[in-house]
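User: I would like to learn how to read chain contacts and chain shape in a model. Can you take me through one?

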Amino acid sequence: MTERLDQIFVLLEQWLVGFLPGAWRPAAGVVLSVVTIICLFPALFALTTVFERKGLARIQNRIGPNRVGWLGILQPVADGIKSLTKEDIVPLSADAAVHFLAPLLLVVAVFMGFAVLPMGRNMVLVDVDAGLLFFFAIGASTELSVFMAGWSSRNKYSLLGAMRAVAQMISYEVPLLMSSVAVVMITGSLSLTKIVAAQNHYTWGLPHWYIFTPWGLAGFLMYAIAATAETNRSPFDLPEGESELVAGYHTEYSGFKFALFFLGEYLAMFSISGLGTTLFLGGWSAPLQVLGWVPSWIWFFSKLMLSIFVFIWLRGTLPRLRQDQLMNFAWKFVLPLTLLNLLVAAAWRFLGDGWERWVVCSAVLLMAYVGMGWSGMRRGHFGPRRYRYAE
Amino acid sequence: MTLGAFIQEKNKPEGWNRPLAMKPDGDGELLEVAMGPHHPSTHGVFRMDVSLDGERVIRLKPVFGYLHRNHEKLAEGMSYLGSMPFTDRLDYICSLTNNWAYALAVEELTGQAVPERAEYLRVILGELTRIVNHASSIGFLIQEMGASGTPLMYAFKARENVLDLFEALTGARMMCNYMRFGGCRVDASPAWLEDTRKVVAGLPQFVDEFERLLTGNEILMARCQGIGILKPELAVNAGVTGPMLRASGVNYDIRKVDGYGIYNRFPFRVPLGEHWDVYDRFMIRLLEIRESIKILEQALKEIPTGTVMDSKAKIRGFRPKPGEAYGRIEAPKGELGFYLISDGGPNPYRYRVRPPSLINLTILEDMSLGQNVADVVLIFGSVDIVLGEVDR
Amino acid sequence: MLGEGLLKGLAETARNFVGSFVSKERLTTVQYPEQRIAPIEATRDFPFLVYDGGDWQAGMRCVACQICEKECPPKCIYIVKSTDKKPDYVGKPQFYPARFDIDISVCMSCQICVEVCPFEAIKMDTEFELSTTDRFGGLLFDRERLAKSDEYYHRIHPTEATAVDARLAEGKAKAEIKTTTAAIASAVKGAEIPARPAGDGD
C-alpha cells in the first residue's frame, strides 16, 4: 500500500500514457512529466512568495499579508494580475531583441535544471549518466542572462549592477562545484540517482546521508553559502539591493518581464536547493528507517521547503556584505576550505571504517576553519571591542 | 581628552584647510551620480552629488533644503507660545527635547523659575526620548545595511510602548507640545508614573536582545569597522556635537558640562569611542541607552509631589524685556540650541535654531573621501540626521 | 570563532519567529478595522465646541472672544461675532459666534486653543476617521459640525470633563454669591437713599 502511494505519480503517468498507441508512449510520458514540472514549480513559487513575506513578518513580530484569501494565500494571484496588467516599457535606446530574450533565457535555463533532479523513487525526468555535469552546465547560463539584461538596457547603472552580479556569481561557481566534487569522489559517479541510492542505506536505523560525515557537513555548509551567493539572496544580494547606489540589472524591466526575473530567481533557488538535497541530504530517502513508509516525494519536497525556510531566515537576520568583501570571502576563505575538503574526503575514504577516520577528519576541518577565520578577522582588523567611560 | 585640552593643544590641527576634493588616480573620467532625493535610505529628502572613480568617492556635495519650511521667519510673526508646536516639528522624532530646549531659552530670557516636579518630569521625558531616538537610529542604520528591517522592527516595538506613554500624558504620540515656559503643561498622574515604571522595567531586556542580535555579528563588524573615521581634532573644529563627537573620543556631554535642569543629581557615565568609526558611533548610542535607563530609574524613584507650573507664570500675551538668550540642551542628536533676541514686543525679534543635524552633516564629505560608495550610505546613516532639523 | 555572532543573531530571530505565534507581547499587531485598541484617554485629534443641555445653539459655551483665533499658530480658526447676545451658563448675556469655522486640513492639533480659552468652550475631540472625498468643503468644519454635547465630552475624556465641570460649578457658585451680595447691597442702598428722579440711571 505504501509502495503504491510512493509510486503513485509513476503509476498515474503509466496509466495515462496507456491510452495512446505504443510508438507514442515514451514521448507522451516525457511530455506529461515536463508539463507537470512546469505547472508544479511555479505553483510552489507562488506559495513561497507568501511564505517568505509571512515568515519575514513573523520574525519581525508582525503579521504578513492576510487580506487576500485565507491567511493571505491568494496574494500571489493578486501580484500576478498586477504584474500582467502593468505597462511593458522597453527603453528607446535599448537593444530590443536581447532585452526580450534575457528573462526568457533565465527561465528556460532554470527549468532545464529540474530535468535531472530525482524527486522520488523512480521519479527522475531524464536519468542522465552525467546528471550533475548537466545541471552545472545549464546553471551557468543563468549568469549569461543576467549579463544580457544589464547590457541590453543601455543604462550605465544597470550595466554596473549586472557586472557586479556576474562577478559574484562566477566567483561562487567554483566553491559550488568543488563542494560537489567531494560527493562525486566518494560515490564514484556523476549520476544523481546513483548518488541518492548510495545514501539510501541505514545503520542502526540512522541514514548514511553525506551530511552526517565531517567532510559532508563542511561541504554542505560551503555549498549552502555558495548557493546563497549564486541566487543573489541575502546576505549576498548587493546586486539587487534597493538601498545601494546601483539599482540592479533588472531596472529597465517592468510588468511581466520583471515577474519572469523574479520567477527565475526563485526557481533557481528551488533547483539549487534540490541539488543540495540530492547531494548531501539524501534526496528522497527518509531520515529514519522506521519512517520509510512515508512516500519518498514527500521527503524530497519537505527537505526542499526546509532549505527555503533557511534562506528566508537568513534573509531576515543578516545584513548585506559589501561587494569586495564577498569576493574576498569567496576566493580567500571558501575556496581554500573546499580544496581542503577534497583532501579530507579522500582521507575519509582511505582511512578505512572505524572511529579513527571520524576523529582525524573532524579535527583537520575544525582546525582549518578556526585558523582561517581567526586570521581573516585579524587581517581585516575586525573584532569585538570594549568601550571605556569618561571619568 | 576634554574639549578644552584639544583647543589648547592644537591651534591649527593638520588638514583643517586642505582642499576638499581628492584627485582621481588613473585616467578614467569620473562617474557623477546624484543619490537622492528619492532614495530609500536618505532619511528624508536629501541629495548627495558624488563623483566616483570606480568605486571610490572623490567628491561629495550634500544638497539639502528640500524640506525648508521657514520656521525661523514664521516665529518672528508668532507669539512665543505659538512657536512651541512648531518646535515639535524640527526634529520630528524627538519632539519633547526640542520643546525643552526652546522652553529653556525663553526661561533664560525671562528669568522664570521651574518647579522641581516639572524638572523631574522633563528629565524623565527627555531620557525616554533619547532611548527612542537611539534605538530607531540603530535600527535604521542596520536597515540600510540590508537586514530587511528586523532590528528596526524590534526597536519600533519598544518605541510603541514609549509612544503610548507620551500619548497618555501629553495627548499626542509624536508632536507633543508639552513643555511650557516655567514648567510643563499638565501634571502626570500616579497611574502614569506606574505605567512608566513598568515600561522602563521592560527596557533592559529589549536592549539585551538588541545587543545579542548586533554585537559580535561578523557581517556588521566587517561592514562598519574602519569606515568613516572622524578624527577628534576635525570633529571639534567642525562643531560636531552629540554621540558623533563622543564616538571620536572627545568627552563633551552638555548634561555634564552645563548641568542644566537637575542633571547634576544623576550619576551617569559618558561612553567614549576609541576607533572613531561607524561601528563606534552606533555602539556609543547603544551604551547611552543603558545609561539613560539608569537615569530614568532614579528619576522615577525620586520624583517629588508638587505643581508642574507656577500658577502665576504667563504663557500667553507675555512680553519679555529686551535682551537675548541662548538655551541649549544635549538633544539625542547633538547640541540643540535656541538663540532668542527680544525687543520687548510679543514676538521675538530674532529666533534662531542651532540644528545639530545640519552641523554634524558638514563633515560628511571629509569622512567619506576615499571610501567605497556602498559605505557612504552607512556613514551618512551613522551621522543620524533628521531632515526637519537640517532644513527647518 | 568565526560565525558565532551570526549564529547568535539567527537564534534571536528564531526565538522571535516562534514567539510571535505563542505570546501576545511578541505579536502586537491588531487587525484593524475589525479589531481596535482601546483609545488612550488623553489623546487629541481636532477641536470641537462644547454645548450644555440639549440645544446646541442655546447651550453653546463659546462667547466669540476670539482669543483662540488670535493664538492659533497656523491660523485655522475663523470666527464672526454675532450682533445680539444670549445668556451664558451663569445667566449673563454674552455674544455668541455667528460663524465658527475650523479648517482641519490646516489644524495641527497643538491644543493651544484649548489652553487659552477662558470659558472651557473648545476642547479636543478623539475622532480621527475623518477622510472625505469632497476636497473643497469636506475638511472645513462649521459650527454645527463642531458642536458636540457635554455628555459626549464626558464620554471621551472623563477625568478632564469632571475637572472642567468642577471649575464651572465653582465659577457659577462665585458668580451667584456676587449677584446675591450685589442684590443685598442695592436693596440696602435703595432703602437708605431717597428716590432719585428718573433720568439718573445707574
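Analyst: We will go through two interfaces and then one chain. This is a predicted model: local features need pLDDT of at least 70, side-chain atom pairs count only at pLDDT 80 or more, and totals for chains, interfaces and linings use all residues. Residues are numbered from 1 along each chain as its sequence is written, while chains are lettered from A and ligands numbered from 1 in the order in which they are written.

User: How many residues does the contact take from chain B and from chain A?

Analyst: Two residues are in contact if their C-beta atoms, placed from the backbone, lie within 7 Å. Here chain B gives 35 residues and chain A gives 31 residues.

User: Which element gives the largest share of the side of chain B that touches chain A?

Analyst: Elements are DSSP runs numbered from the N terminus: helices (H or I) have at least four residues, strands (E) at least two. Helix H8 (218–224) of chain B is one of those giving two or more residues. H8(B) has the largest share, 5 residues.

User: What is the make-up of that side of chain B, in nonpolar, polar and charged residues?

Analyst: Ala, Val, Leu, Ile, Met, Phe, Trp, Tyr, Cys and Pro count as nonpolar; Asp, Glu, Lys and Arg as charged; the others, Gly among them, as polar. The side of chain B that touches chain A has 19 nonpolar, 12 polar and 4 charged residues.

User: In which sense do strand E3 of chain A and E6(B) pair?

Analyst: Strands pair if DSSP finds at least two bridges between them. Strand E3 (residues 388–389) of chain A and E6(B) are antiparallel, over 2 bridges. Arg388(A) stands opposite Leu272(B) in E6(B).

User: What does chain C bring to its contact with chain B?

Analyst: Chain C brings 23 residues, against 24 residues from chain B. H1(C) gives the most to the chain C side, with 7 residues. That side divides into 10 nonpolar, 8 polar and 5 charged residues.

User: What is the radius of gyration of chain C?

Analyst: The radius is taken over C-alpha atoms; the globule rule is 2.2 Å times the number of residues to the power 0.38. Chain C has 27 Å, whereas a compact globule of 202 residues would have a value near 17 Å. Its C-alpha box is roughly 110 × 40 × 35 Å along the principal axes.

User: Which helix and strand counts does chain C have?

Analyst: Chain C has 6 helices and 8 strands. Of its contacts with a separation of 6 or more, 68% join residues 24 or more positions apart.
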